[in-house]
Amino acid sequence: MQEKELSDNPMDLIKNIETVLNDTLEIISKCFNEEELKTVAPLVAGKHSPLIALRSRLKDIEPNARKEVGKVLTDALEKVNETFHAKGQELALLSELNYEKVDLTQYVASLNSIYGNGLGALHPVTVAQGELEDIFVAMGFSVMDGPEAETDWYNFEALNIPKDHPARGMWDTFYLNTAQPETILMRAHTSPVQVRVMKTYEPPIYTVMPGRCFRRDTPDARHLAIFHQIEGLVIDKDINFGHLAGTIEKFTSSYFGPNIHARLRPAYFPFTEPSAEFEITCTICSGDGCRTCSNTGWIELGGCGMVDPEVFKAVGIDSEVWNGFAFGFGIDRLVQMKYSLSDMRDLTENDLRIMLQF
Ligand code: DAH
């Protein structure tokens, strides 16, 4: 029998396979979407695949080398197959992302067509906070802040509110589930920042401390569970109640205008003695009396008083030498007054029909 002529050199065929493999991988890598990938599918399998075409040449090589070359070819086919499928998954994800992509410029354009001006603006509470800071800075105060997650000591103990003190009920507190139970909390007022300031700086101190506060309150027309306060603290020598009353009157008329005044009424806070609540002229009826102010002509805004010696003791300030006053009030409430909003929750609902009025 005549011996069959073996025309192919195994090394040549291996080189050939590698070249075809690299070309095929490059073609797959250049596909930018699933449609393009579909058009190159015949390269991967089927009779038009150049790698599969090379299989027919295996019979032309010497039987001893055939097995080795066959393995190179099978590996190459596997590699192409894997790369093709991986690329398919990548492109599918990409087309999903493209599908879900939101074009914000289109959103703004549609707002423009509805409202005339779709550009963003600062939230009214942010604006009010900035205005308050400006007023107090003009009076010689600095602006400071502190952490929103606090320890029980700063939020309560150092402010003369020990555990089991009935006044703790004034602040329905969110506790964080860390460390020992009821030791870390979301601050219920900005007063803990006073404590931090007094522990950090030597008097004299003239500072305001705005920030977010958190209480387990059910939101209603006059309360939010997450709200903003601004705290004020003055520590110096020979400070008296008149300085406190004058400061509050000054900020009230600077913020609301000359027709709105402040008055103080006796109250109780563990960290001030004496303590007062301060009220301002009702902005809705200008003091004549209306439903919002229960016909009194006044609206309660915040608390204040002369810093209690117990607080000075907790922070290590000598109350024989220094004294001072503190106050705190809700910024959201102030905004509600300024714009005569009947429901404070409107400030958190991001309803553009309301927000665009500011
Ligand atoms: N922290 C008080 C509250 O949230 C408000 C307050 C009252 C702050 C008296 C003060 C103060 O600094 O002296 O109800």
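**View 1. A nonpolar surface patch formed by V102, L104 and Y107**. The patch covers about 340 Å². Patch residues have over 30% relative accessible area and no salt bridge, and nonpolar side chains (Val, Leu, Ile, Met, Phe, Trp, Tyr) are joined within 5 Å. A salt bridge is a side-chain nitrogen of Lys or Arg within 4 Å of a carboxyl oxygen of Asp or Glu. Areas follow the Shrake-Rupley method with a 1.4 Å probe. Y107 sits in helix α5 (residues 104–115); helices are DSSP runs (H or I, at least four residues) and strands likewise (E, at least two). Y107 is partly exposed, at 45% relative accessible area; buried means under 20%, exposed over 50%, partly exposed in between.

This is a predicted model: local features need pLDDT of at least 70, and side-chain atom pairs count only at pLDDT 80 or more, while totals for chains, interfaces and linings use all residues. Residues are numbered from 1 along each chain, and side-chain values use heavy atoms, without hydrogens and water.

**View 2. The largest nonpolar core, with 41 residues**. Such a core joins buried Ala, Val, Leu, Ile, Met, Phe, Trp, Tyr and Cys residues through side-chain atoms within 4.5 Å. L132, F251 and F278 are among those with the most contacts inside it. Elements giving two or more residues include α6 (124–138), α9 (241–256) and β10 (323–330).

**View 3. The aromatic pair of F136 and F141**. Rings of Phe, Tyr and Trp (its six-membered ring) pair if their centres lie within 6.5 Å; planes under 30 degrees apart are stacked, over 60 edge-to-face, the rest tilted. This pair is edge-to-face, with 5.4 Å centre to centre and 65° between the planes. F136 is buried at 0% relative accessible area, and F141 is buried at 7%.

Terms used. Buried < 20%, exposed > 50% of the residue type's maximum accessible area, 1.4 Å probe, protein only. Patch = residues over 30% accessible without salt bridge, like charges linked within 9 Å, V, L, I, M, F, W, Y side chains within 5 Å.
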